[in-house]
Amino acid sequence: MQKASLQNITILGSTGSIGVSTLDVLARHPERYAVYALTAYSHITRLAEQCEKFQPQVAVVGTSESAAQLSLLLQAKGLKTQVTYGEQALCDVASAAACDTVMAAIVGAAGLAPSLAAARAGKKILLANKEALVMSGQLFIDAVRSSGATLLPIDSEHNAIFQCLPHAYQRDQKQRDPRAVGVEKILLTASGGPFLHRAVETLDAVTPDEAVAHPNWVMGRKISVDSATMMNKGLEVIEAHWLFGAAASQIEVVIHPQSVIHSMVSYVDGSVLAQLGNPDMRTPIAHALAYPERIASGVPALDLTVIGQLQFTRPDFLRFPCLKLAYDALIAGGSAATILNAANEIAVQAFLDGKIGFRMIDQLIARTMDKISSCSITDIDALLEQDQFARLTVRSFIS
Ligand code: NAD
Ligand code: MG
C-alpha cells in the first residue's frame, strides 16, 4: 500500500470526550498524523498534559487568564507551543494554511464560528459539533460547497449512515437527493437514554447526575442530558437532513437500546444496510480520519454472540416531547432549528445548574418556539440575532 502523507490536525475541544478519543486514535498512528493545534475552554491542566504529549504548534484557550496559566505550565515543561485565546484564535487555527483537517468537537453554539471558518477555508472537517450544523443549516452547507471542503460526520449515527450510502453519494457533496440513488428512508437508531422505562410522572424529580448516566456511552454532560430528553436524537434528525439531503418524512427514529446498530439506510429494493460496532466513538473518529482508507481505532471487535439480542421499538413522543419539537422545527424551516437549539442549550444548562426540573426543559423550548416566529436566514448576522433572541427569551421565562 502507498504510504499516506502526514495530515496536520486541529482539534477544537481537545479536552472533551470526543477530543480525548480523537487523541487516543491519533497516538496509535504517529506516522500518519501530526497535531497542529489543540483547544480547550478551561481544562488547562489537561490541555498542558496534551501539549506535552502531542507537541502542537498552537494551543488556544478561552480567556487571557487561562492563556497566562497555560503559558506558565508549558514553560515549566520547556515546550515551544504558542498560546492564544478567544474566538478569533479558534477561527485562525481552524483555517490556518498549516492545518489540513479539523476535528470540530466544541460543544454547542460556541463551536459555530471556528467550524464555519474551517468550512470556508476548504478544510477536511470531521464534524462532531452537531449544534453548529443544526443552528446554521444551509449557511454551513453552502460554505462547504463553495470552498470545496470535505465534511465527514463523527456523530456515530451519521457516520454509520454515511458508510451505508453509495460511494458516489459519499464523495459528491453537491448531489443531495438520496432518492436519486434509491434511498427510501434513513433509520436513525436511538438508545432511548437512561429514562426509557422510567414512569413518566416521576421524570420531573430526576437529578442531573441521574440524567447524565447514559446506559451505553460516556459523553460530555450537555449531550448526555440531550440523550435523556431525546433532544439529542431530534438534533440528529436535523443534522441528517443537512448532511444527506433527506426530508423529515424520510428520516425515521428507531429505539434500539443496545446501541450496536449505529443507524441504517433502507433502499427501494427492500435492502436495509446497517453499520454495527461496539459503542465507542473511536470507531467513527478513525473512520473519518482515514477515509477512504481504514485504520485501527483501539475498539475491540464486536462479538454478537455476547450481545445475544438486538431490540427495536418506536419512540413515544409523550415520553420524549423534545423529539417531536425537533421534527416540528425541521418541518417549519427557516430559523426554527436555530431557536430550538438555543432554547435547548439554555434550558439544559439551567437543569444542570439545579435551577429547573427535568420536564421544564421541553416546556421551556416549546414556549420559546411558540413565542418567536421562524424567519428565513440569509446571513450569519441574522442567524446570531435569532440565536441571541431565543436565549434571552428562555432566560426571561426561567427568571
Ligand atoms: P465535552 O463537554 O466533553 O467537551 C467539550 C469541549 O469543548 C471541551 O474541550 C471544552 O473545553 C470545549 N468548550 C466548551 N465550551 C467552550 C467554549 N465556550 N469555547 C471554546 N471551547 C469550549 O463534550 P463532548 O461530549 O466531547 O461533545 C462535543 C461535541 O460532540 C458536542 O457537540 C456533542 O454533541 C458532539 N458529540 C459527542 C459525542 C460523544 O460521545 N461525546 C457523540 C456524538 C456527538
Ligand atoms: Mg449520536
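## Getting to know this fold

Guide: Let's start with charge: in this predicted model, the protein carries 32 positive and 37 negative side chains, and the centres of the two sets sit 3 Å apart.

Visitor: What makes a side chain count as positive or negative here?

Guide: Lys and Arg go in the positive set, while Asp and Glu go in the negative one.

Visitor: How many helices and strands does the secondary structure of the protein come to?

Guide: There are 17 helices and eleven strands.

Visitor: Why is Arg-32 called buried?

Guide: Buried means under 20% relative accessible area. Arg-32 has 14%, so it gets that label. Across the protein, buried residues make up 56% of the 399.

Visitor: Where is Arg-32 found?

Guide: Look in the loop between α1 (17-27) and β2 (33-39). Arg-32 is 26 residues from Leu-6 in sequence, yet their C-alpha atoms are 4.7 Å apart in space.

Visitor: Which residues does the "1-deoxy-D-xylulose 5-phosphate reductoisomerase N-terminal" domain annotation cover?

Guide: That UniProt annotation, from an unreviewed entry, covers residues 9-137. This span is 47% helix and 21% strand, and its end C-alpha atoms lie 25 Å apart.

Technical notes. Residues numbered from 1 in each chain as written. Chains lettered and ligands numbered in written order. Predicted model: local features only at pLDDT ≥ 70, side-chain atom pairs only at ≥ 80, totals over all residues. Heavy atoms only, no water. UniProt positions renumbered as here; feature names shortened; annotations may be inferred. Helix = DSSP H or I, 4+ residues; strand = E, 2+ residues; numbered from the N terminus. Buried < 20%, exposed > 50% of the residue type's maximum accessible area, 1.4 Å probe, protein only. Charge placed at Lys NZ, Arg CZ, Asp CG, Glu CD.
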